Amino acid sequence: MKREVITLDKSDRVVGDRPVHLHRSSDPNAMVKEWACNSPYCEDLTGPHPDDGGLEPVVQGREPWRGGR
Ligand SMILES: [Zn+2]
């Protein structure tokens with residue numbers, strides 16, 4: 001069995017151990033072109049990174065529609 005090692009950096013939005021997916025910004029001028037994330041709520045994987053003005057992915061367990069805790 002081969003293990004895939006994913007190196008995370010500060011542009012990534014990975015919380016906990018859910019499966020990770022990759023976002024690729026469609027903006028050629030974006031600072032962050034590719035980043036890892038494991039929010040279960042992402043639908044658009046070609047939008048800008050939060051550092052480029054995009055929305056922060058919703059973290060599971062901290063959904064704003066739950067009313068916060
Ligand atoms: Zn995502």
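This is a predicted model: local features need pLDDT of at least 70, side-chain atom pairs count only at pLDDT 80 or more; totals for chains, interfaces and linings use all residues.
Cys37 is in contact with Asp12, Arg13, Val14, Val20, His21, His23, Cys42 and Pro57, leaving aside its neighbours within four places in sequence.

**Cys37 and its strand**

Cys37 is found in strand β2, which covers residues 34–37. Because 22 other C-beta atoms lie within 10 Å, Cys37 is buried. Side chains along β2 alternate in direction. In the protein chain, buried residues make up 7% of the 69 residues.

**The strand pair**

The protein chain has two strands and zero helices. Strands β1 and β2 run antiparallel and are joined by four bridges. Within this pairing, His23 stands opposite Trp35 in β2.

**His21**

His21 lies in strand β1, residues 21–24. His21 has 13 C-beta neighbours inside 10 Å and therefore counts as partly exposed. Apart from neighbours within four places in sequence, His21 is in contact with Cys37, Asn38, Cys42 and Leu45.

**Pro57**

Pro57 lies in the segment after β2. With 19 other C-beta atoms within 10 Å, Pro57 is partly exposed, because a residue is buried only if 20 or more such atoms lie within that distance. Not counting residues up to four places away in sequence, Pro57 touches Arg13, Cys37, Ser39, Tyr41 and Cys42.

**Separations in sequence and space**

| Pair | Apart in sequence | C-alpha to C-alpha |
|---|---|---|
| His21 and Ser39 | 18 residues | 8.5 Å |
| Cys37 and Val59 | 22 residues | 9.7 Å |
| Pro57 and Arg13 | 44 residues | 7.4 Å |

What share of the contacts between residues at least 6 apart in sequence joins residues at least 24 apart? In the protein chain, that share is 23%. Pro57 and Arg13, 44 residues apart in sequence, are in contact.

**Summary**

His21 is partly exposed, and Pro57 is partly exposed.

Conventions: Residues are numbered from 1 along each chain as its sequence is written. A residue is buried if 20 or more other C-beta atoms lie within 10 Å of its own, exposed if 12 or fewer, and partly exposed in between; C-beta atoms are placed from the backbone. Two residues are in contact if their C-beta atoms, placed from the backbone, lie within 7 Å. Two strands pair if DSSP finds at least two bridges between them.
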